[in-house]
Structure formats: structure tokens, C-alpha cells
Amino acid sequence: VQEDAFALALTTAPADRPLRSGPMRVVAGRAYLGAFLVPGTPPAAELRVPFGIDNRLKVKRTVLPQARSTEGFIGKDRQMVFAYRTSVENFRDVAVTVVVEERLPISQDERISVKVGDKTSAGYITLEDRPGIINWKLTLAPKEKKELTLEYTVRWPKEMQIPGL
């Protein structure tokens with residue numbers, strides 16, 4: 001987990017030909033940011049060009065208090081609730097689109113379940129090709145700040161010992 005915003009340009013390769021791999025100079029306005037090795041890109045495919053950390057966006061992630069409990073008839077299951085608040089603030093003079101990504105644990109055991117909680121901010125999506133990742137897409141006006149909350153519950157049988165929980 002890193003509390004930084006990364007600037008990224010999204011574009012597509014020309015529809016009629018692929019882009020060959022090789023170096024590309026990356027500039028923002030008149031500032032040279034460095035070189036990026038462009039991977040071979042098929043015609044009309046998406047290309048992501050990184051611009052590095054954007055210090056004009058501030059990201060702060062706060063761990064909220066955890067809650068433990070025993071659920072079910074005569075304490076059949078144990079559960080633990082985890083929660084985090086992430087604030088994103090735009091110090092730019094223009095609006096920006098920001099994608100905030102959060103991680104969720106993935107159970108390798110069918111007896112352990114992980115569920116997103118009711119206090120999780122609306123508008124998140126899960127990514128089929130990236131299990132354990134959810135994200136929100138936000139538009140921040142100049143000087144605007146927004147906060148998101150992620151809450152999830154891990155539930156497991158009482159007799160099971162899980163290291164760290």
C-alpha cells in the first residue's frame with residue numbers, strides 16, 4: 001500500500017498498425033520527465049504511459065478501529081471487521097480523474113469468507129482480471145477533497161486458528 005497518486009496517460013495505438021517496442025520520451029508541458037520503454041502494442045490496443053508520482057494530489061489512508069465478535073448459535077463462528085478511510089485531495093488548478101484502488105484478502109479456504117461491509121463507500125467496482133482489488137473512479141474539482149471508506153468482514157469457524165487474527 002502506497003499513499004501516493006501516480007499520473008498516468010491512457011491512449012490507444014493507431015487502429016491501422018501496431019506500435020513497435022522502444023523508448024519514448026515522456027514530457028508534461030515543457031518538463032522532461034524521463035524515458036519510458038513502450039511495449040509492443042497491437043493496433044487499437046490501450047497503452048498506459050506512466051508519469052510518476054503526482055505531488056499535486058495528496059492521498060492519506062487511515063486505519064479505523066477493528067471489531068471482533070463471535071456469531072451464531074453458541075459462538076459457532078468468529079469474525080473480524082476491518083475498516084479504512086482514504087482521503088484524496090486535488091491541489092491542481094484543473095479537475096482530475098482519480099482511480100483509488102484498495103485490496104481485499106482472498107480466502108484460499110472455503111470455510112473462511114470475506115465480505116465487503118455496509119459502510120463501504122458506494123460506487124466501487126470489482127475487477128474480474130484482478131481478484132482482491134476493488135476501485136473507485138472519482139472526479140475531483142480543483143482544490144476538492146473526497147473521502148472513501150472500505151469495510152470488510154473476515155469470518156471463520158471458531159475452532160480454526162488463523163495466524164494474525
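Author: Trp136 is buried, because its relative accessible area is 2%; buried means under 20% relative accessible area, exposed over 50% and partly exposed in between, with a 1.4 Å probe and protein chains only. This is a predicted model, in which local features need pLDDT of at least 70 and side-chain atom pairs count only at pLDDT 80 or more, while totals for chains, interfaces and linings use all residues. Residues are numbered from 1 along each chain as its sequence is written, and side-chain values use heavy atoms, with hydrogens and water left out.

The structure holds 3 aromatic pairs. Rings of Phe, Tyr and Trp (for Trp, the six-membered ring) pair if their centres lie within 6.5 Å; planes under 30 degrees apart count as stacked, over 60 as edge-to-face and the rest as tilted.

One of these pairs is Phe82 with Tyr152, which is stacked, at 5.2 Å centre to centre and 25 degrees between the planes. Phe82 lies in strand β6 and Tyr152 in strand β11, so the pair ties together parts that are 70 residues apart in sequence. Strands are DSSP runs of E with at least two residues, numbered from the N terminus. Phe82 counts as buried because its relative accessibility is 10%, and Tyr152 counts as buried because its value is 7%.

Another pair is Tyr124 with Trp136, which is edge-to-face, at 6.1 Å centre to centre and 65 degrees between the planes. Tyr124 sits in the loop between β8 (113-116) and β9 (125-126), and Trp136 in strand β10 (residues 133-140), 12 residues apart. Tyr124 is partly exposed, because its relative accessible area is 31%.

Ring pairs also link Phe82, Tyr84 and Tyr152 into a cluster. Over the face of Tyr84 lies Arg61, at 4.1 Å from the ring centre; a charge sits over a ring if NZ of Lys or CZ of Arg is within 6 Å of the ring centre and within 35 degrees of the ring normal.

Now the strands. β6 and β11 (residues 145-157) run antiparallel and are joined by 13 bridges; two strands pair if DSSP finds at least two bridges between them. In this pairing, Val88 stands opposite Lys146 in β11. Of the 14 residues of β6, 11 are buried. Ser87 belongs to β6 (residues 77-90) and is buried, because its relative accessible area is 10%. Leaving out residues up to four places away in sequence, Ser87 touches Lys58, Val59, Lys60, Lys145, Lys146 and Glu147, where contact means heavy atoms within 4.5 Å.

Terms used. Helix = DSSP H or I, 4+ residues; strand = E, 2+ residues; numbered from the N terminus.
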